[in-house]
Amino acid sequence: MSDKPRRITLEEWDLRYEQLQRAGVRQPDYGGLLSRHLEDGDQRLLKLRYDNSAAALRLWNFLLTEEDRLHDARAGGKKLIGTMKDLGTVPVMAYSFDNVVAFYPDGAWWIPCVMELSAGLLSIADSLGIDESFCPVRAMLGAFITGAHFPVPDRLICSVGATCDDFSAIAQRLSSLGHPILWWEIPHRRKPDSNEAAVNLPGGFPAPKCQVEFVKSELTRVKTALEESASEQLDEKKLSAGIKEANQVRRYLAELRHLAFTAELCPLPALEMLIAEMLAIHFCSDRRETIGVLKELLGEVQARVQAGVGILDADAAKIFWVNPVADLQVMNLLEDCGGRICGTEYLFTHALDAIPQDLPPLEALARMALADPMVGSSTDRAERICADIRKLGSEAVLISRIPGASHCALEGEVISEIVQEKFDIPVLEIEVPPVTDSMRPTVRTRLEALVETVKARRKR
Amino acid sequence: MKTIIYTCPYVPAEWIAAHGLQPSRIIPDAAEAEGPLGRAEGVCPYVQGFINEVITDKQAGGVVITTVCDQMRRAFDILVRRSDVPVFLMNVPNTWQNVGVQKLYIDELKRLGRFLIGLGGKPPLDDTLTEIMLGYDTARTSILAAGGYLPAREYAETIAAFGRDGPGEEFTDITKHELRIEGVPLAIVGGPLMRQDFDVLDIAEQAGGRIVLNATETGERGMCAPFDRRLLRDEPLMELASAYFGGIQDASRRPNSGLYKWLKSKLVGRGVRGIIFHRYLWCDMWHAELRRLKDWTDLPVLDIDTTGDNETRRHRTANRIHAFLETL
């Protein structure tokens, strides 16, 4: 375990880095001072607070060097696949090939935050007719135009159907700009009819067997396209091995989430937990290293829990967080206001649940794809959130609206109503743009009010 | 006879009618600020209007919603909680190129059929479906033929009446109009129009324009392709699916190249000289097409974005259309 756990600034991390170096802590080849990433224009780093463990340093350096990894992969002869929207399914398949690296260009939605709007990606999107009424994922368009944030993939694959309109529309715009896309259909997950054959999905929801069969046929098309790109056949054995590796990532994350959300003292900050969860989606372009990063992080958390130490006060309000934030700093802000994360639903629970290993692998992936919270109803999403609240003892729910996102306009009300029907806990909605600086006082006030409400209710 | 209401053009009225129920495609009014939906920040006005219309409707025996747009898909979640009327959510794929999605659409029609039977409908016989399809097809042909002769609002209202009530005698002699509207030939392109927004058609014609192509979802773009009458008699359900799923071009399709192909043929064929692009705030699907359309066509394009509600916006829209026509 590192020294006393606490949240530190970027400046403090440089000093801490020297300490770790002197202590002989081994750094991976992408390691080094966190502050060096400022040279890439990642100015938001100056305003964040970080966990002070060596494991967290490795996590951050891993995250912030992904672009280099992608360029290296291409230089090494690997095919780059841009997977879009499905958040976790296609990469499991892609990483089962020997010479394929898959990543989500969607991830560009954090660039305006990390670079504090200096990259100009949103302005480029504006110029292409995709203005601020769309979700910040529109930054992806700008990233394709500039080519400055990730190499343009050799092939683009995008799920469509039961997805958000923003992304579908933006991807279509991208296609019209000369980036061909292989579209695959993911239908809205529905409840099986009473006399209809049904299967259980990872995460617990049932689905009609015919929907699983349909998705399987769509994933077969995706598999064929990947095989063409990779000039390599993907047999069941290879895909099963890929699923097994993906499940290792998910197992570590499950343990990490359990400890982070339930330990008496919060052992790891919300920001690092968010990033750790995000690794499940496409392994930050290196599956093996993701497993290593998560293993070390889990070891740190286990040691902290065993030692009874944490980074927040014991009375921190336990907040269940819904939707990822466009501005990473807001995760710090929650903790500054006296809250801690106790449960998350960042729109990709299907990338966290174990993939069945006792099924033919394509069927297992089809079931996983259908378990996507975006693919089902808002009611299903709320039910899943309620099940987690019951397990974790969350004291409030915070729904973080994504500006312009088509799903946020109506789902918040449904989730809020269902949570309040089942639990007598407060629910708050806030909207988080890529850079919250100008509205920070408002966001802060609302978070403080939520935390105060939770603490006041404990005394009732 | 129970009435089944819907608004999406991919719901075939003939299929509902073949179950012995009355299909009625509704075009909502703009929602009141104090409507039953409550807070509506970020909600597309058309979706908001539809939700409010369904919640306040006391006549409907069932509602059919589709997954074509995300907000409408989520409207299902709201309606099952707020309305006592049975609601059916139909999966309509966005992709269209392969047999698998075409089969999915047909399977969804069959599932819709089971829902309709559950509401008291009867299993459709092929002969019944065929006759109903022929009736609809004849009326549609008649309406489309009248398009060049009717004032834009009358044409749009005729299409709306057909969607609401189905084929009737009023559509058989519709081509007797010999009136030719004069003015600059225009197209209106976009998603659906709410009832109040039919005003935009009057405004365009009063300003010296002539709408020769109503390519909105509530206009002729939302009408299915003509049926192949030979195939119709052999396999009516297949032909129905083909004409709707394969025949209606929309911005939501992936890829939506078919929409541009359809537009190209209509714009050229009708000698269009300017395009009014009508969209609702928060409708991402159509909003994203605006710049692309401008890049794609040599014709001038006027963007009319609206929340569909107030008089101030109506004046703004009128001013913009007047200015647009002056430049033409």
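A: Let us begin with the contact between the chains, to which chain A gives 38 residues and chain B gives 34 residues, two residues being in contact if their C-beta atoms, placed from the backbone, lie within 7 Å. This is a predicted model, in which local features need pLDDT of at least 70 and side-chain atom pairs count only at pLDDT 80 or more, while totals for chains, interfaces and linings use all residues. Residues are numbered from 1 along each chain as its sequence is written, and chains are lettered from A and ligands numbered from 1 in the order in which they are written.

Q: Which element gives the largest share of the side of chain A that touches chain B?

A: Helices (H or I, at least four residues) and strands (E, at least two) are DSSP runs, numbered from the N terminus. Helix 8 of chain A gives the largest share of that side, nine residues.

Q: How is a nonpolar core read, and which residues touch the most other members of the largest one?

A: In soluble globular proteins, nonpolar side chains tend to be buried together. A nonpolar core is a set of buried Ala, Val, Leu, Ile, Met, Phe, Trp, Tyr and Cys residues joined through C-beta atoms within 7 Å, where buried means that 20 or more other C-beta atoms lie within 10 Å of the residue's own. The largest core here has 265 residues, and those touching the most other members include Leu59(A), Leu294(A) and Ala204(B). Domain 1 (3–118) and domain 2 (126–327) of chain B, whose bounds come from an automatic or database domain assignment, both give residues to this core, so it lies between them.

Q: Where do the C-alpha centres of these two domains of chain B lie relative to each other, and how many residues meet?

A: The centres lie 20 Å apart, and the contact takes 32 residues from domain 1 and 35 residues from domain 2 of chain B. On the domain 1 side, helix 1 of chain B gives the most, with five residues.

Q: How much of chain A is buried, and what does helix 2 of chain A pack against?

A: Of the 460 residues of chain A, 58% count as buried. In helix 2 (residues 54–64) of chain A, 11 of the 11 residues are buried, so this helix is largely enclosed by the rest of the structure. Its buried residues, among them Trp60(A) and Phe62(A), pack against elements of chain A including helix 1 (10–22), helix 11 (270–282) and helix 12 (287–307).

Notes
Buried ≥ 20, exposed ≤ 12 C-beta atoms within 10 Å, placed from the backbone.
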